[in-house]
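Hi,

Here is the structure I promised to pass on.

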Amino acid sequence: MNLTPAQLRFLADRAGALADEVRALCDGVAADAPERDPLAAALQAAAWFERGSEDLRRAAGDLDRLWAVRECGMPWGVCPEHGRTLSSTAGTSTCRVCGRTWDHDRLAKPCAEPVTWKVTDEAGTVTMMCDGHVLGARAVLRGATFTRLPAR
Ligand SMILES: [Zn+2]
Ligand SMILES: [Zn+2]
C-alpha cells in the first residue's frame, strides 16, 4: 500500500482549487443574467468540492494519528523481546528468558512500548500492539492478521 497523508492533502488541495475555479467562473456572471439559474448546480458542485476537500484533510489527519508512534497501552507489561515471560517479585520484574530486569513491577502497569503492529482478529477488531505483545497474541489468536507498521 503506497498511501500517505501527504497524498490525501494533495488531493484535498486539488478539490479546494476546483471549488475556487468553479466559483470564479460563476462570479463572472452578473446577478441578473439569465445564466444565473442554470449555474446554481455548478455552485452546488463547488460546495461539494469544498466539503470533499475538508473530508480528505480530515482523513489525512486521522491517518497521521493512526501512524503516530504511540504507546502500546495493553494493561500489563511484557519483555519487549520475549513477550509474556515476566515474573514480578517485590516491585521488580525479570524476564525468564533473557534475564533482563526492571526496577518496577512491569506486569502491574500498562505497556509503554511503542506500537509496531496492527492486529486484526477474525471478527475484524483492530488492536495496535508492541513487538512483545504481538508474540503473545500470535500464540493465542487464531485467524488473526498481523501487519507490521511502517518504520518511522
Ligand atoms: Zn526477555
Ligand atoms: Zn505492549
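A charge sits over a ring if NZ of Lys or CZ of Arg is within 6 Å of the ring centre and within 35 degrees of the ring normal. The charged end of Arg 138 does this with Trp 117, 5.0 Å from the ring centre. Arg 106 lies over the face of Trp 102 too, at 4.4 Å from the centre of that ring.

Before going on: this is a predicted model, where local features need pLDDT of at least 70, side-chain atom pairs count only at pLDDT 80 or more, and totals for chains, interfaces and linings use all residues. Residues are numbered from 1 along each chain as its sequence is written, chains are lettered from A and ligands numbered from 1 in the order in which they are written, and side-chain values use heavy atoms, with hydrogens and water left out.

Now the metal. What holds the zinc ion (ligand 1)? Its protein donors (N, O and S atoms within 2.8 Å of the metal, or 3.2 Å for Na, K and Ca; water is not among the atoms, so sites may look incomplete) are Cys 79 (SG), His 82 (ND1), Cys 95 (SG) and Cys 98 (SG), at 2.0 to 2.3 Å. The donor residues follow the spacing C-x2-H-x12-C-x2-C in sequence.

Cheers
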